[in-house]
Amino acid sequence: MGRLVEWSRGEKSEWCSLERALDVLANRSTFLVLREAFYGARRFDAFTRGTGLTEASVAKRVRELVAAGLLTRQDYQEPGERTRQEYVLTESGRALFPAFVALQRWGDEFREDRPAVVELVHAGCGAPVDAVVRCTHAHDVTIDQVEARLRTP
């Protein structure tokens, strides 16, 4: 891959998109809450039940995901009940789905100490879902075919 190691422009955190993403996503409980949202959870109790995290942990992560623009709050009301809120993936949150798929597939393949229980499949044909790195001209790309370079203004 192209090298930017020798190049320095102040702190990398000022310009590194990966670091900016990790500021939001870099803890286990965040991805567990997102996993449940990808699986279709929308209500707080479903996030808590699905993740096995404490209510306090889920509440904190949901607040952070809402603040980061990955989830949004929507009101709902069961008949005869008070209005409550559910949490729905935003466009930004849905855009993380390929990263989620890639991490899950990596866990399936390289963490054999824990056998996979959930398989992601295409609802239309039943084939397993995979994450693929592709350029904007639709070529599949491997790590050896990627160059890291600075964007020109």
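## Exercises: aromatic pairs and salt bridges

Phe100 is buried, with a relative accessible area of 6% (buried means under 20%, exposed over 50%, partly exposed in between, with a 1.4 Å probe and protein chains only). The model is predicted: local features need pLDDT of at least 70, side-chain atom pairs count only at pLDDT 80 or more, and totals for chains, interfaces and linings use all residues. Residues are numbered from 1 along each chain as its sequence is written, and side-chain values use heavy atoms, with hydrogens and water left out.

**Exercise 1.** Classify the ring pair Tyr39 and Phe100 as stacked, tilted or edge-to-face.

*Solution.* 
- Start with the rule: rings of Phe, Tyr and Trp (its six-membered ring) pair if their centres lie within 6.5 Å; planes under 30 degrees apart count as stacked, over 60 as edge-to-face and the rest as tilted.
- By this rule there are 6 aromatic pairs.
- For Tyr39 and Phe100, the centres are 5.9 Å apart and the planes stand at 75°, so the pair is edge-to-face.
- Tyr39 sits in the loop between α2 (28-38) and α3 (44-51), Phe100 in helix α6 (residues 97-110). They are 61 residues apart, so the pair links distant parts of the chain (helices, H or I, at least four residues, and strands, E, at least two, are DSSP runs numbered from the N terminus).
- Tyr39 is partly exposed, at 38% relative accessibility.
- Phe38, Tyr39, Phe97 and Phe100 make up one aromatic cluster.

**Exercise 2.** Find the salt-bridge partner of Arg43 and state which parts the pair ties together.

*Solution.* 
- Apply the cut-off: a side-chain nitrogen of Lys or Arg within 4 Å of a carboxyl oxygen of Asp or Glu.
- The partner is Glu86, with the closest N and O atoms 3.5 Å apart.
- Arg43 lies in the loop between α2 and α3 and Glu86 in strand β2 (residues 84-89), so the bridge ties together parts 43 residues apart in sequence.
- Compare accessibility: Arg43 is partly exposed at 28%; Glu86 is buried at 9%.
- Arg43 also lies over the face of Tyr76, 3.7 Å from the ring centre (the rule asks for NZ of Lys or CZ of Arg within 6 Å of the ring centre and within 35 degrees of the ring normal).

**Exercise 3.** Describe the salt bridge between Arg61 and Glu64.

*Solution.* 
- The closest N and O atoms are 2.6 Å apart.
- Both residues lie in helix α4 (residues 55-67), 3 residues apart, about one turn of the helix.
- Arg61 is buried at 14%, and Glu64 is partly exposed at 32%.
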